[in-house]
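Please read the following briefing alongside the sequence and the 3D view. It is grouped by topic.

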Amino acid sequence: MDIKQELMTYISCKEANGALLVTGKWGCGKTYTIRQVAEELNRGDNFHVVVISLFGIETILELNKKVKEHVFNATSDSLKIIKQFTSYFKSATDKIKEYSKIAKGVNTVLSIDLYDFLAVENEISCYQNGSMVKKKVVLIFDDFERSTIGRIELLGAINDYNENKSIKTVLVADETRIKEAEYREFKEKLISRTVKLTSNYKSIIASIIGTYKETKLGYKEFLTQHINYTTQVFLESQAENIRTFKSYIIDFERVYDAWKNSDVPIDNMGNVLYAFGAILFEHKANNYEKTPDDKYIFNYKNLSEKYTQLGSNLYCLNTLERWITNGEWDEKDFKNEIDSKFSNKSMTDEQRFPEYDFWDLEQDYITNGLPIVIKRAYAGELNCRELESLLHKEHLLKKFEVPLPCDINYAAIMAGLDIREKQIIQGLITEPINRTYIQNDEVLEMDPEAQHLYHRLENMNATINALQNRSDFISFIKNESSISRYDLKYHSIISF
């Protein structure tokens, strides 16, 4: 459901008929979505949207003051002037302390709460882009279920804004956590419509990454390049908790920084990002066992079935698992582990070109490695991930006007791919599962022939899992491996 459209329909209606309730379970992104919509509406000329968390507010008096603070502080220059005058007036008392009676009178005046003299109306004058405009006030009360104020008393106060002051009012809550019977009865008098938030998580994740404020230079770009990994691991986790997702990408920034400050190429960091998310979400969900000495045990077979890009546990680093489960971060141990697993010190230029991140490529890797990589592509020796890496790097080399040491014949690469596909179908070779994802806008910038080849790779990749299942099934029938019947449960198998 488009929550923005629902809010716009409600607040734009000239008739007042009760409040709007937006409900959804904890962590599903209610607050994030509501605040995004509020910020967008506040940039316009029609509405002044105030979002107030009820969490921690203990009395109606405190609530009413909080409403006034939020409504007036952000919009009223007159209030700022009053505050400045009060500040000046207060400082003046320090200079007239010898006149005790006057100072006492001044302090009495200053003890008066200015907000007592302000009334919240359904319309307020605001400065917008240098001119004065009148905006309709919209009050959004978040965390309703967490308020310690009595439900009936709280609903009565909110109803006063909605019914008596004709202010459009929105409540945000996880309604399943409200147990009081009186609430159900009073709700019918206050709430005119209930909207259940079913989040578009892909859109929310894209927005979170798009607005991420990086601490380490380059991290936001890294997240953008690997948004498919972060989105997939979130959806596969079935956690539906945006707070956990934000913790996930914030925590991994430390990993990113440590890795970038090592001598290990970052080409495997995307896979580690995905595995890090899988362990983190499973730990949050208590999907683990503990040994008598308090060590955490994750079932990697179950993990690989749930998180389809995980493959083996190669990318589930022990140092990161300890950090997630026990809070023990050791940067030295982490660098030693990635060095032992992913260091490519003995690699040739031919191996470095497809495996390294584009920005880690040196000119020798391009000059010496690219021609050999292309010859291997013509022979059908490159797997899908390596071919995608070749297409991506070739596109970026052209984009940044880096001279290519040789031409690329896409028709010859397509012929080589035909050879490889036949070998996969015949079971002669096994295709790796992990892939290099290319952003859609980059695909559209590629040469038409490169685009056609990329889409061919996408279609081919869709059958690889089923082909592997076919191979496993044949091995199971022939009793050639330790694969159990359970391992084949629910697995699709391409036709024989």
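Cysteine 13 is partly exposed, at a relative accessible area of 39%, where buried means under 20% relative accessible area, exposed over 50%, and partly exposed in between (1.4 Å probe, protein chains only). Cysteine 316, at 6%, is buried. The structure holds 0 disulfides, a disulfide being a pair of cysteine sulfur atoms within 2.5 Å.

This is a predicted model, in which local features need pLDDT of at least 70 and side-chain atom pairs count only at pLDDT 80 or more, while totals for chains, interfaces and linings use all residues. Residues are numbered from 1 along each chain as its sequence is written, and side-chain values use heavy atoms, with hydrogens and water left out.

**Tryptophan 259**

- Tryptophan 259 lies in helix 11, which spans residues 242-260; helices (H or I, at least four residues) and strands (E, at least two) are DSSP runs, numbered from the N terminus.
- Its relative accessible area is 0%, so tryptophan 259 counts as buried.
- Leaving aside neighbours within four places in sequence, tryptophan 259 is in contact with Val264, Pro265, Ile266, Asn268, Met269, Val272, Phe334, Ile338 and Phe342, contact meaning heavy atoms within 4.5 Å.
- The side chain of tryptophan 259 reaches the backbone oxygen of valine 264 at 3.2 Å.
- Glutamate 331 is 72 residues from tryptophan 259 along the chain, and the C-alpha atoms of the two are separated by 9.2 Å.

**Strand 2**

- Strand 2 (residues 47-53) is largely enclosed by the rest of the structure, because 6 of its 7 residues are buried.
- Strand 2 pairs with strand 4 (residues 131-142) in the parallel sense, over 7 bridges; two strands pair if DSSP finds at least two bridges between them.
- Phenylalanine 47 has lysine 136 in strand 4 as its bridge partner.
- In a regular strand, side chains alternate between the two faces of the sheet.

**Salt bridges**

- A search of the whole structure finds 13 salt bridges, each a side-chain nitrogen of Lys or Arg within 4 Å of a carboxyl oxygen of Asp or Glu.
- Side chains of opposite charge can pair when their charged atoms come close.
- Aspartate 257 and lysine 216 meet through their side chains in a salt bridge, at 4.0 Å from N to O. This pair links distant parts of the chain, 41 residues apart: aspartate 257 is in helix 11, and lysine 216 is in the loop between helix 8 (201-210) and helix 9 (219-225).
- Aspartate 257 is partly exposed at 22% relative accessibility, and lysine 216 is partly exposed at 33%.
- Glutamate 394 forms a salt bridge with lysine 398, with the closest N and O atoms 2.6 Å apart. Both residues lie in helix 18 (residues 384-399), 4 residues apart, which is about one turn of the helix.
- Glutamate 394 is buried at 4% relative accessibility, whereas lysine 398 is partly exposed at 40%.
- Arginine 456 and glutamate 421 form a salt bridge whose closest N and O atoms are 2.9 Å apart. The pair links distant parts of the chain, 35 residues apart, with arginine 456 in helix 21 (residues 448-477) and glutamate 421 in helix 19 (residues 410-425).
- Glutamate 421 is partly exposed, at 24% relative accessibility.

Definitions and conventions: Polar contact = N/O pair within 3.5 Å; in protein donor to acceptor, adjacent residues only side chain to side chain.
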